[in-house]
Each structure stands twice: as C-alpha cells, then as structure tokens.
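Please look through the structure below before reading on. The text after it goes from one part of the fold to the next.

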Amino acid sequence: MIKFYDAALSGNCHKVRMLLSMLQIPHEVVPISLPNMDHKTPAHIARNPLGTVPVIEDGDVVIYDSQAILVYLAAKHGGDQKDNLWLPGEPSEQALVQQWLSFAVNEIWNGPALARAFLLFDRDVDLARCQAAGKAALSILEGRLRQHDWLALDHPTIADIACYPYSALAEAGEISLAPYEAVRAWFKRIEALPGYVSMPGLGD
Ligand SMILES: N[C@@H](CCC(=O)N[C@@H](CS)C(=O)NCC(=O)O)C(=O)O
C-alpha cells in the first residue's frame, strides 16, 4: 500500500490528498509535523534529501515533489494511456498539462503560496513581492479561465489539481480573490468533482 507523508496545512500535500481521493487509491497517511521538524529527521531526509513534504512510497518507489507525485499517481491509476483523462498520453496534450504543472511550481508557489507562508508560518520572504507575483499569477489564470473551463484541456487534469490549492488559499496571503471571477468559478467546478476533499481555509 502507498505510504503518504502528509502535513495537514500544506497545500502541496493537499494536491496529493485530492488525487488520492478522486482516484480512490488505497493509501496509508503518515502525519508529518512541520512545527516539530519531522521533515528534517534522518529518516525523512533519507526519503527526500530536500527535507520537504509531500513524499510517497509505493514499494521501492519513493517520490517527492507534489507535481511528480501527481504524474506518478495519474499515470499509474488514471486509466490507460489512450484514455487517461488526468494525464493524457498524446504529446501536445501531455505538454499542456506539464506547462501548468510548471506554473504551479513557479508562479503559484512564488506568489500566493509564499505570501501565505509568510503570514502563517513566518517564512522569510518579501511579502509585497510575493503578493505582486500572486496577483500576476491569478491574472494569468483568470485570462485562461475566461475562455476555458479547465486549465490545460477541455476536462479536468492534474494541471487543475496542481494549481488549485494555493490559488484558492490566496486570501490567507492577503491577496483578494474578488477581481478573479473566472478563477472563483473554476474553484467551484473543482470543489464539485467526485472525491474532492477540503483542507482548512478551502471551500468544503
Ligand atoms: N516543489 C515541492 C515543494 C515542497 C515544499 O516546499 N513543501 C513544504 C510544505 S508545503 C515543506 O515541506 N516545507 C518545509 C521546508 O521547506 O523545510 C512540492 O511541490 O512538493
């Protein structure tokens, strides 16, 4: 059974929680306390030299980074390559999904995610810079979602899962979501998907 090293308030972990639930993948959660520094113990560093969560172990396979974990879970449990809606096998579709996975790690992490981390967890970053980056990222999402229901394709993919948590948590970083109507409508579509799970600060 998959072991999932999970920290409750982590949006990166939440991406994994959501896909495990949506794909109904059996797993065991191993809680990691970031305040207690569980993620810096030798045992955890052996799993992930970066000392971060999420991490999954599936037999001998150990994967860290939430985007990499989404790719693994979708490829293994999302259906055959031809009909895998979460991570399509067709090259241009797969690349479009990857494009938004990169957006999650770069623009969304360096914007709303780090603004929230500053205000909630005393992360040493420049709040104003993160908030400005956050607004820029949300504007790009808004532009895409005014024309399309989903980020990469015409149906939900792991791109939507990867970009959702820290966008939806933006107000915890004191970035108002009021100007982003299409983004807020997209949150509702994601929250209506079968198997959606919430976390503190997100829609139930
Ligand atoms: N790119 C990684 C980032 C992982 C990450 O920074 N996780 C945070 C929790 S959201 C963490 O473990 N922080 C503790 C630390 O950096 O020491 C991912 O997407 O999983």
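In what follows, Ala, Val, Leu, Ile, Met, Phe, Trp, Tyr, Cys and Pro count as nonpolar, Asp, Glu, Lys and Arg count as charged, and the others, Gly among them, count as polar. The model shown is predicted.

By class, 16 nonpolar, 9 polar and 5 charged residues make up the lining of the largest pocket. That lining has 30 residues, and Asn12, Leu34, Val53, Trp109 and Arg123 are the ones that lie nearest the centre of the pocket. The space inside the largest pocket comes to about 810 Å³. Which helices each supply at least two residues of this lining? They are H1, H3 and helix H4, which covers 91–121. Of the contributions to the lining, that of H4 is the most, at 7 residues.

Next comes the sheet. Strands of a sheet pair through backbone hydrogen bonds, either parallel or antiparallel. Here 4 strands form an open sheet with mixed pairing, and their order is E2-E1-E3-E4. Strand E2 (27–31) and strand E4 (61–64) each have a single partner strand, so these two stand at the edges and one side of each is left without a neighbour in the sheet. From one strand to the next, the twist averages 20°. Strand E1, residues 2–6, pairs with E2 in the parallel sense, over 5 bridges. Within this pairing, Ile2 has His27 of E2 as its bridge partner.

Helices pack on this sheet. Helix H1, made of residues 11–22, lies across E1, E2 and strand E3 (55–58), and runs at about 145° to E1. Helix H3, residues 66–77, also packs on the sheet, where it touches E1, E3 and E4. The direction of H3 makes about 135° with that of E4.

The axes of helix H5 (residues 127–147) and helix H7 (residues 181–191) come within 7 Å and cross at roughly 75°. An angle from 65 to 115 degrees counts as roughly perpendicular, so H5 is roughly perpendicular to H7. On the H5 side, the residues that meet H7 are Leu138, Leu141, Glu142, Leu145 and Arg146. Their counterparts in H7 are Glu181, Ala182, Val183, Trp186 and Arg189. The residues of this contact divide into 6 nonpolar and 4 charged, with no polar ones.

Two details of the backbone remain. Most residues other than glycine have a negative phi, and most peptide bonds are trans. Gln24 is not a glycine, yet has a positive phi of about 50°. Gln24 sits in the loop between H1 and E2. The peptide bond from Val53 to Pro54 is cis, with omega near 5°. Pro54 belongs to the loop between helix H2 (42–47) and E3, while Val53 is also among the residues nearest the centre of the largest pocket.

Definitions and conventions. Residues numbered from 1 in each chain as written. Predicted model: local features only at pLDDT ≥ 70, side-chain atom pairs only at ≥ 80, totals over all residues. Heavy atoms only, no water. Pairing = 2+ DSSP bridges. Axes fitted to C-alpha atoms, helices over the stretch in contact; angles between N-to-C directions. Contact = heavy atoms within 4.5 Å. Parallel < 35°, antiparallel > 145°, perpendicular 65-115°, else oblique. 1 Å grid on protein atoms, 1.4 Å probe; cavity = no way out; pocket = protein on both sides within 12 Å on 5 of 7 lines; lining within 4 Å. Points joined across faces, edges and corners; volume = space filled by probe spheres on them.
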